[in-house]
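Please find below a note on the model under review.

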Amino acid sequence: MTYLDILHQYWGYPDFRGIQKEIIESIGAGKDTLGLMPTGGGKSLTFQIPALAQDGVCIVITPLIALMKDQVDHLRHQGIPAAAVYSGMHRDAIVATLENCVLGGTRLLYISPERIGSDIFQVKLRHMKVSFITVDEAHCISQWGYDFRPSYLQIAAIRRLVPKAPVLALTATATPEVVDDIQERLGFKVKNVFRMSFERKNLAYVVRQTEDKDAEMVHILQSVPQTAIIYCRSRKRTKDVAQKLTEYGISATWYHAGLEPAVKDQRQNDWQNDRIRVIVATNAFGMGIDKPDVRVVIHLDCPSSLEAYFQEAGRAGRDGRKAYAVLLYNGSDRRTLQKRVEDTFPPKEYVQTVYEHLAYFYQIGVGSGAGCTFEFPIDRFCTTFKHFPTRANAALTLLQRAGYIDYEQNPDTQARIRFLLNRDDLYRLDALSDKENEVVTALLRNYGGLFSDYGYVDESYIAQEAGLDRNQTYTVLVNLSKKRIINFIPRKNTPIIRYRSDRIDGADIVLDRSVYEDRKAQFVKRIHSVIDYAQNGRVCRSRQLLRYFGETKSVDCGQCDVCLSHTDTEDGDERKLIRRQLLTLLADGKKHHITEIRRLNSDWELTGDVMREMVLEEDIRMEGSFLLRPC
C-alpha cells in the first residue's frame, strides 16, 4: 500500500497537509529526520503512517502519558496494533507488552522516556525488529530547550542498540539553536530538517496592558462568547478565577496537576464536550488536547518563555477560523518574571541545604541510599524544614540535572484492586448492574491473584475490555468498593524521589557550569524575550514570535493589537507612504546617509519612528549614520 492509500483507509483524509508527505517520505527512506510543525499541524500522522507501511515496530518516545494512552486507544479502535509502556505499570504487564513487540504483534509501541533506560526494555529491544524510532517533543533533549528533561539523554544510547533504525524527531517549538542541538544529541548522520511555517493566519495575537486583569478577562469573554482557555501560574488562582467567572454567569471549571486523575479526566471531558465553556488551568493542561473550536486563549500570567506561550496560545483556532490569543500584562509582571530567575536558580548553598534536609526527611545516612525510592509529599517536606515550595522544587530539579537524584513530579502511578469476596461468593451475586458485571468480568479475565493480594490494574485497559469510557469505569470501581466487593485504591500522582547514588555530605554537592550557570543564562534570555514581546508595541506580534523561532521572512499579520493600532491611527496612511519612500530609496542596494532620509518627509519624528520600526523588523539595516537594505 502507498502512504496515500494508508491515509485514506485508516484516517479518511483526501490528502496530506503541509510538510507531512515530505517527512513521511524522508523517514520512510531511512533518513534521520527532524520535523518542525506547529501545534495542530498533524504530527502524529508523520510517524503512524510510515509505521504501518514498514515491517517491524515503531518505537514512539513521548513524555505525555495521557496522550499516549489516548492515541493507543484510538489506534486500537481503528484496528491498528498499538501498545504503551509507562511509569507505574506492573512488571508483568510490561513484560507481556514487550514480548508481543518481539513476536511482531505490535506496530507502534509508545514508551515514556523514563522507561527506556530500564534493563528490561533494553534487553527486549535487542530482539525487536524496529522500523524506526520517533522522538516526540524532541526539544526536551536539548539543554538549551525551554523544557529540558534529563531522561531524554538516554535516547542516544537506545540508538546504539538498534543502529540500523533511523530516528524521526518532532517538535512544535524550537529556536535555531535548539534545532541544531536536537540533531547533534540524537546522533543524526546527516542534518535533515523539514520546517513548516509557524505562522497562524487565523490567530490574532494581542497584548492588553491593564491593571485590572480580572475585569479585562471578563470583558474579553463577554465579547467572544465561545469556548476558551485561561492560563494561570498558581493552582489556587485557577480555582479563584473559575469561581469568579461562574459568578458572572460564565460556566467555568479549573484544572491543575494536583487534582485527582478522575477529577481531571471529568473536567477535561466536560470542557471537551461543551458542557463547560471555560477551563481555567495551569500549564499542566493542554498537551495532546485536540479541541478545534477554542476561540480564545487568555494568559492572566506571563509564561517563562515564548516557546511555552506559543504552544499554549496555539491551542486556539485549530479549526482554521478566527481566534484570539491574549496576554494580559502590567507593570508588576516584569518584576514577577525577573523574580522567577531567583526562584528557578536559587543559590547553590540553598540547593546543598535542600539535599541535606531530604536526607533528614528520609533518615538516609552518608554512604547509603543508592537506589532507594520514596514518595515525596512536598508540602509536608516544606512545612517541616520551612522551605517555600517553588524554591524547594527548583533545588530538587537542579539536583536531578546534576545526577544525584531522580525527581518525578507527576508520576502516573497505577490503581490497585483487591477482591474482598471469594470467587464463589462473587459468582452468586445477582444485584450487580450491567456495567458492574462488565467491569468485574474484565478484571477476572485479565488480572490474576486479585483474591489473595492487591494487584496493579490499568483503568484504561479495563475500560476498553468492558466497553466503557474511563470515567464510567472509575465510577463503577468506586461503587464496587462502596458495596465491599472490592477494595479500590485509585491512581495518585504524589511526586517520587529516587537516590541515584549513595548520599554524600551536602557541602560536597557540585553543580557544574552546564547544570547551573549556562542554564541560568539561557533562562534569563528567555525571560527577557517574554518581557520584550509584551512591551514591544511597535512590531507586529506575529512577526516577533516568528522571528524568535528563526523565521525572518514574514509580513505584518494585520490583525494583532500592534497592526490594528497602526491602521487605526490618523497617520496610518502617512506611515505607509514613508515606508514606500524608504524602500524605494534603498532599492539600489547602496548605503544612504541619514541626511537623505530627512529630506523624504517633513515630519521627521514620524519618519524616525517608522525607520526604527523597519530596523526592528529587519526590513532595513543601520550602520552608523547610514541606512541600507539587508543582503
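The numbered points that follow describe the predicted model.

1. Basis of the note. The model is predicted, so local features are reported only at pLDDT of at least 70 and side-chain atom pairs only at pLDDT 80 or more, whereas totals for chains, interfaces and linings use all residues. Residues are numbered from 1 along each chain as its sequence is written, and side-chain values use heavy atoms, with hydrogens and water left out.

2. Overall dimensions. The protein chain has 631 residues and a radius of gyration of 27 Å, which agrees with the value near 25 Å that a compact globule would have. The radius is taken over C-alpha atoms, and the globule rule is 2.2 Å times the number of residues to the power 0.38. Along the principal axes, the C-alpha atoms fill a box of roughly 100 × 65 × 55 Å.

3. Secondary structure and domains. The protein chain comprises 26 helices and 22 strands; helices (H or I, at least four residues) and strands (E, at least two) are DSSP runs numbered from the N terminus. The chain is divided into domain 1 (3–195), domain 2 (203–329), domain 3 (337–412 + 494–518), domain 4 (416–489) and domain 5 (569–630). These bounds come from an automatic or database domain assignment. Between the C-alpha centres of domain 3 and domain 5 the distance is 54 Å.

4. Of the 631 residues in the protein chain, 53% are buried. Here buried means under 20% relative accessible area, exposed means over 50%, and partly exposed lies in between (1.4 Å probe, protein chains only). Among contacts (heavy atoms within 4.5 Å) with a separation of 6 or more, 76% join residues 24 or more positions apart. The accessible surface of the chain comes to about 28600 Å², and carbon and sulfur atoms contribute 48% of it. Areas come from the Shrake-Rupley method with a 1.4 Å probe; for residues, only the protein chains shown count as cover.

5. Charge. There are 85 positive and 82 negative side chains, and the centres of the two sets lie 1 Å apart. Lys and Arg count as positive and Asp and Glu as negative, while His and the chain ends are not counted. Each charge is placed at NZ of Lys, CZ of Arg, CG of Asp or CD of Glu.

6. Helix α12. What surrounds the buried residues of α12? They pack against β8 (203–209), β9 (228–231), β12 (296–299), β13 (323–329), α21 (517–535) and α22. In α12 (residues 306–313), 8 of the 8 residues are buried, so the helix is largely enclosed by the rest of the structure. The buried set includes the charged residues Glu307 and Glu312, and also Tyr309 and Phe310.

7. Helix α22 and Gly550. Helix α22 (residues 541–548) likewise has 8 of its 8 residues buried, and is therefore largely enclosed by the rest of the structure. Arg541, Arg543 and Arg547 are among these buried residues, as are Leu545, Leu546 and Tyr548. After α22 comes Gly550, with a positive phi near 90 degrees. Gly550 belongs to the loop between α22 and α23 (561–568) and is partly exposed, at 39% relative accessible area. Its C-alpha atom is 9.8 Å from that of Phe198, although the two are 352 residues apart in sequence.

8. Most residues other than glycine have a negative phi. Asp274 has a positive phi near 65 degrees; it sits in the loop between α11 (261–272) and β11 (278–281) and is partly exposed, at 47%. Arg484 has a positive phi near 60 degrees, in the loop between α20 (470–482) and β18 (486–489). With a relative accessibility of 54%, Arg484 is exposed.

9. Leu421. This residue occupies the loop between β16 (415–419) and α17 (423–427) and is partly exposed, at 24%. Not counting residues up to four places away in sequence, Leu421 touches Leu426, Leu429, Phe451, Arg484 and Ile485.

10. Arg159. Is Arg159 buried or exposed? Its relative accessibility is 8%, and it counts as buried. Arg159 lies in helix α7 (residues 155–161). Beyond four places in sequence, its contacts include Asp32, Ile133, Pro166, Leu186 and Phe188.
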